[in-house]
Structures are given as C-alpha cells and as structure tokens.
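Please look through the sequence and the model below.

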Amino acid sequence: MLNINATKTDAILDLVLEGRLDTVTAPQLQAAANEQLAGVESIKIDCKDLAYISSAGLRVLLTLRKSIPGELILRNVDPSVMEVLEITGFVDILTIE
Amino acid sequence: MLKALRSKLAVKIIAGIVGSLLIFAVLSSLIGYSAFEVALEERYADTGYRIGRLAAQIVDADNLDAYLDADYRQTDEYKIAMRRLDNVTQRMNAAFIYILQPVDDEWKEVRFLFETVNDNYELSPYLPGHVRESASEEYSLKYGLIYDGKSEEECVFRSARQTTTGAHVSSLVPVKNSDGDVVGVLCVQLQMVELGPARAKFLKEIALAALVMIALVALAYGWSIRRTVAKPIRRIASETVRFSRDNELPEVSLTDSIKGEDEIKLLAMHVDKMEYAIKNYTENLKTVTSQKDRMEGELNVASGIQQGIIPNTFPPFPERDEFSLYAHMTPAKEVGGDFYDFFFIDDDHLGLVIADVSGKGAPAALFMMATKIMVKNRAQLGGTPAEVLADVNQQLCEGNYENMFVTAWLGILEVSTGVLTTANAGHEYPAICHADGTFEFFKDKHGFVLGGMSGTKYREEVLTLQPGDTLFVYTDGVTEAADRDLHLFGTERLLETLNVSPHAAPEELLGNMAASIHSFANGMEQADDITMLALQYHGQVNHLRTLRIDATQENLTEVSAWIEEMLQILDIPMKEQMQIQLAAEEIYINVANYAYAPGVGPVVIRIGYDMDRHAVKLAFVDQGMPYDPLAKEDPDTTLSAEDREIGGLGIFLVKKTMDNVHYVRSNHSNILTFEKLIDRTDDPIEV
C-alpha cells in the first residue's frame, strides 16, 4: 500500500510517500511521477512515512534520477530504508537530507 | 580351385605314368631290336655256312694249289668246277664265294685261290693268286681260327656303316683235303638285303604296340585313379563343405559310401569321426549356452528384485527438509551384494545403512536380501547402532554354513539435533564435510564383519552434524574401480573428487563421483557394484507455517502480509522484520518473474524458527526451470547513477542482509533457503 502526494512548483517536483514501496507499488510511483515529469529539474521525496523499500522501489528511484538533469533528494529517511540505500550504494547517487 | 587341383593331380599322375611307359617302351624296343638283329644275322650266317659247305664239296681240295696254275685253269675239270661254283653263287644269291690262303701267319694279307661274283654285281672276280690286305683284324683272326682247325665255322658281320658294299655277312668254312687237313678258307658273302625293311617293319610294329599299350595303360590308370582316388577325395571335399554349411551329420556316412581299405578310406573314417565330434560339441555348447542364458535371465530377475527392494525414490521424505538425501547403486554386470538403505525409526531418528556382501552372484544377492531386512527390522525395534549390528551379526551367524559375510556401516541420525551415532562392521570409512571445510574421512573404530563371528561386539561413535554438513558413505566398488592398467580409484582420488564441489547437494555430489569414476575407468568394465549414499544436514526447522501460493506479482501483498503476521507471532524486532520482509519479497518476486515464465506456477514458502540459534528460517520451493539466483555476480554499488544497472539489486540485498543464504536444485525443485539470526536472549512465544 502506497499513498503518493505529488506537487509541482516550477521545476521542482515534491513527492510525499506513505506506506511501502515494493514490487506492487513501485509502478504507481513511476506512473505518478511520469505525469508531472515534464520540465522538472529536480525531485524532492519526503520519506517520513515510508517504512519499506525493496529493489523494485530502488529501480524507480534510479529511473527518476536518470530522467532529470538535477538532483533527486530524499528527506526524512527511515533507518531501515536508509540501510537499504547504504547497502546498495544509492546514498552516493541520490541526495539524502 | 578344387577343380584345378583335381585336374592337376590326374594330369600329374598320368603324365608320370606315360613318361615311364615311354622310357620302358624305348628300352624294350632296343633290346627286342637287338635280339631280332642277332637272330637275323645268325640266319644269314647259317645260310652262308650251308652254301660254303656245298661249295667246299665242289672244289678239289686235294689239288687246291693247282688253281694258281694258269694251265690248269684251262682244264675241263677246273672249268666244270668253276661253273658249278658260279652256279651255286647265282642260285644261292650269294654275293661272292671265294677261297683264301694265308700269305703270312697273321693273315695280314690273303691270297685268293678263286672267286665267283654274283651277276647282280658288275664286278670282275679276283684272279687266282690275287693278294690283298685283310679287310679287318676280325677277318684275320677268324681266317686263322678256321685255317688252324680250331673252328668249323665263323662269320663276320659288316654293317652298312662299316663297308661300301652294303650290310653283309661273310660265313667262313674250312676246305679240307681227303686227309682232313685244312688247305684253305672258303668264304661266302651274303648281302643282308632283308635287314633294312625288316628293321623298319620291326620298329613300326614295336612303336605302334608301345603307343597302344601306353594309351591303354593311361586310360586304365586314369579310370582307376578317378574311381579310387579323385572321386573319393571329391566326395570327402564336398562332404566337408556340406557339413560346414549345414552343421548336420550326413544321411550316409563317408565310411559307408567310400569302398576300399586304403588311406582314403582311413581319411573318410576320420572325417566322419571329426564331424560327429563337432556335432556333439556344438550340441553340448548349445545346451550349455541355453542353460547359461536361462541362469543369466534368472540372475537379471534377481538383480531386478534386489534393486527393487532398495529405496530409489528421491527425495525419499519430501515432507522433511532437515536434510537432503541421495543414494545410488550402479550394479556390476553380475548380480552383486551391495545395498544401501534409509528409513525412519521414529519421527526424529533416521537410519542410514550401506553394506557390501562378500562374493557375487545369487548367493551374495540372497545374503544381501536377508541382511537388508534384518538390519532395518532390528533397527526399527529401537536400540543403538552397535546393538543393532550385534544382533544382526548373531542372526547372520546362525546357519551360515557358506561362511558368507557382510561389511556394513549403520548410522542413526537424530534429525532434530544432527547427532549421528554410528557403528562400523568392517566397512569403509565414511567421509564427512563440515559446512566450512572439505571432505575428510571419519576414522571410526571398526568391528568385525557381520556374519563373520558369533558374539562380536561393535563400538559406537557419536558426532554432531551442523547445518550444511555432508556425510558420504560408499562401498569398495568406488575405491576399487580400476582403469585399464588395473590401477585403483583409491581413497585419495575419492576425497579429491568430493572436494571439487564439497558443498554440492547430495545428488550432484554422487553425480560428480560417478562421472569421475567413469572417466578414471576409461572404458574398463565395472567389476563390482558401485554404491554411494550422501546426506546433507540442513538442521532442525521449527515449522510455523507453510504458504502455498501462485507465484505472481499481484500475490506479493498477500505474501508480505502473511510473512508479517508470522514475524509478529515470533516477536521479531522491527528492524529484522523489515529486513526479512525485504529478502522474502526479493526471492518471491524472483520466482514470480522467472521460474515459470511465461506461465504461472506455485511456490511453497516455509517459515520456521531455530530456538537454539535464534534464527528465523525461510525456504522458497518452486518447480520451475532450474535457476540459481545466487550464482549471479553482485552489482557494482560504487558506480554513478548514469552507469548503474537496474537489475541484480534484490538478490544482492538478500545476500547482504540475511545469513546462510543457500540454493539447491533437488527433486526437480529450486530450493532457496536463508536464515536471519536474531540478536536477543528472550525466546519468542510458543505457538
């Protein structure tokens, strides 16, 4: 289960995620982001209520990162999600705040 | 070939005969001709003598010297005598008649007293008193013999070659006066006019007779050889050809069909005897062969029964995942006495047996059956391996008149703890591989072979198998497999082979071993049964739940919820819960995406908890295509966003966050297991 709240301000896309980013929900994030992606330079994702991420979620994050010229910023990352990002080296290609 | 030989033989024999007959004919012709010539000559000589004696009557022997007087020759007396002598010459067809007297004692020169000449010769006679040389020494000698009174008649033959006047005979007789004294030698020369034609006729007749005789003899011989040699030999030859084709005795034996008592008959008798012996031998061979075929057939059935009673369904206990077990026996051509066995004694104790009966064939197979049944039955009654082997030994010793024996290894595994109790009755050392090591022999203490000696005691060894440990037991068919130079496979090569892939699943381990033996033997026929058994211990799993579900992405939510529920029941800390959830999702999605693609199939998920080690255990079992996700190379996590690949992260996360991640392909299933060790001291609540 994943709730996605997307707001676009100028060239910045703000996403607030709540729930699990897994194989089932990852395509939802991809779809929601794709709708707003035109003209976006950087993406900010609020992970305060994101309890879980699997490799499918990581793939979406990587795809999003590659489709914008600017940064992909994750905020308020949960420790268990953070561990996944660290193991996979995603901490180096995303910006964690 | 045979025809050429035959004609060659006949030609040789007949040519030899004709040749010798020709030589014989020529020789006998020469002898005959010589006798004929002598007879003819004697006849001429005899005629000459008679003419000579007649002529000697005509001349006046008392007054012979008067012939030299020319005046006397004018007398009527002389003329009458001459006319009568001439008459005799002409009538008797003599060539010359003349009287000689010696000029000297040696008769080197002779004096003619008179001579008459046949009218057929246009020669004038020598006048009386004519002196000439003797024609030859023979003449001189014989003139002397007559003149000296030593002989009454002599003759000299002159062949056509010796004289110019043609072949002739000169018959010499004495001319005696009234006192009986020899006063001259009277010679009558007869031309041997009959000699030439008679000789030609004689030779013609002789040659004709010889040719006719030779032809007759050759024909008779040819017929005789054909009848007595060629035909019987041909008969024998055709009989041997017939026999080698039909391999049946003839209706009429050669002995009966060949007459005579010669060497050919002897040959025929021996050929008959030989055929009879071959026929007998063939019949015996047929009988023996069919008996052997039947026995082989029965042994094959025995071998089938023997293999049938050995458990050969794998995995043998699909409901048990504390261990993997695989065993295999490759029987030698001849039925042997190897066997393996495994069975549950109770819910927690697994009996493992490997054994090798002495000898081969039906006795070994029978003894093996008895041993297998006894060991299993006795073990299932309870008791330690040493007790079981001691009792079985006792039973086998009873009535073991054939002194058969069995080497056997018996292990009883307590499945929940991994404690393995073993006893060894003269069998090969087991090999054991610990999870973090390589295969080594477990040198347990051997007792005496089963059936060897009544009252034998067996010692026990106890060891504990840790999860991941593998046990390998085998018979001497493995270590004593030979190559073409009769080198043995040996225990070192056995360990080397096991250690090529020491942590492989039992089935793979046995496959590797069989391949290694096969390549070592290099075509050498397998002399003994090759029997192996391997058990890999996975450890005790307290099964909480099993979920069986179609592996689809859509079902992930249900799977995640189920695992979450299980983990909450186990009271697993949140951090580990998340990690396990993540690992489970990655493995599950992997199965859903690849195992049955493009179709859909089931996956069985088991979750359990090892209370001793505080480990959550998960197993994912699918029957999809063989696929080891762990074999894939880990992604490079240091690359920049642009260079990063999208795939491979899931399994990498599982490896990084879980413990003892393990994949095995067994029984047409992919089995992926992992544990998560939980760092805590309190046990979860019992369920």
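## Strand β11 of chain B and its partners

In chain B, β11(B) and strand β15 (residues 460–464) pair in the antiparallel sense over 5 bridges. Two strands count as paired if DSSP finds at least two bridges between them. Helices (H or I, at least four residues) and strands (E, at least two) are DSSP runs, numbered from the N terminus. Within this pairing, Ala423(B) stands opposite Glu460(B) in β15(B). The model is predicted: local features need pLDDT of at least 70, side-chain atom pairs count only at pLDDT 80 or more, and totals for chains, interfaces and linings use all residues. Residues are numbered from 1 along each chain as its sequence is written, while chains are lettered from A and ligands numbered from 1 in the order in which they are written.

β11(B) also runs antiparallel to strand β10 (residues 406–414) of chain B, with 6 bridges joining the two. The bridge partner of Glu414(B) is Val419(B) in β11(B). β10(B) and β11(B) form a hairpin with 4 residues between them, and Gly418(B) in the turn has a positive phi of about 85°. With strand β14 (residues 446–447) of chain B, β11(B) runs parallel, joined by 2 bridges. Here Ala425(B) stands opposite Gly447(B) in β14(B). Strand β11 (residues 419–425) of chain B is mostly covered, with 5 of its 7 residues buried. A residue is buried if 20 or more other C-beta atoms lie within 10 Å of its own, exposed if 12 or fewer, and partly exposed in between, with C-beta atoms placed from the backbone.

## An open sheet in chain B

Strands of a sheet pair through backbone hydrogen bonds, either parallel or antiparallel. In chain B, 6 strands form an open sheet in the order β3-β2-β1-β6-β5-β4, and the pairing is antiparallel. β3 (131–133) and β4 (154–158) of chain B stand at the edges with a single partner strand each, so one side of each is left without a neighbour in the sheet. Neighbouring strands of this sheet are turned by 35° against each other on average, direction ignored. Inside the sheet, strand β1 (residues 96–102) and strand β6 (residues 182–191) of chain B pair in the antiparallel sense over 5 bridges. Ile97(B) has Val188(B) in β6(B) as its bridge partner.

Two helices lie across strands of the sheet. Helix α2 (residues 76–91) of chain B lies across β1 and β2 (109–117) of chain B and runs at about 80° to β2(B). Helix α3 (residues 137–147) of chain B lies across β1, β2, β4, β5 (168–176) and β6 of chain B, at about 165° to β4(B). Axes are lines fitted to C-alpha atoms, for helices over the stretch in contact, and angles run from 0 to 180 degrees between N-to-C directions. Two residues are in contact if their C-beta atoms, placed from the backbone, lie within 7 Å.

## Two helix pairs

In chain A, the axes of helix α1 (residues 26–36) and helix α2 (residues 55–67) come within 8 Å and cross at roughly 20°. α1(A) and α2(A) are therefore roughly parallel to each other. Angles under 35 degrees count as roughly parallel, over 145 as roughly antiparallel, 65 to 115 as roughly perpendicular and the rest as oblique. α1(A) passes α2(A) in a right-handed crossing. A crossing is left-handed if the near helix is turned anticlockwise from the far one by less than a right angle, and right-handed if clockwise. The contact residues include Leu29(A) of α1(A) and Val60(A) of α2(A). By class, the residues of this contact of α1(A) with α2(A) are 6 nonpolar, 3 polar and 1 charged. Ala, Val, Leu, Ile, Met, Phe, Trp, Tyr, Cys and Pro count as nonpolar, Asp, Glu, Lys and Arg as charged, and the others, Gly among them, as polar.

In chain B, the axes of helix α6 (residues 263–309) and helix α7 (residues 361–380) come within 11 Å and cross at roughly 20°. That makes α6(B) roughly parallel to α7(B). α6(B) passes α7(B) in a left-handed crossing. Among the residues that meet are Leu299(B) in α6(B) and Met368(B) in α7(B). The contact of α6(B) with α7(B) has 7 nonpolar, 2 polar and 1 charged residues.

## Where the chains touch

The contact takes 22 residues from chain B and 17 residues from chain A. On the side of chain B that touches chain A, α12 (556–569), α13 (574–595) and α14 (649–657) of chain B are the elements that give two or more residues. α13(B) gives the largest share of that side, 7 residues.
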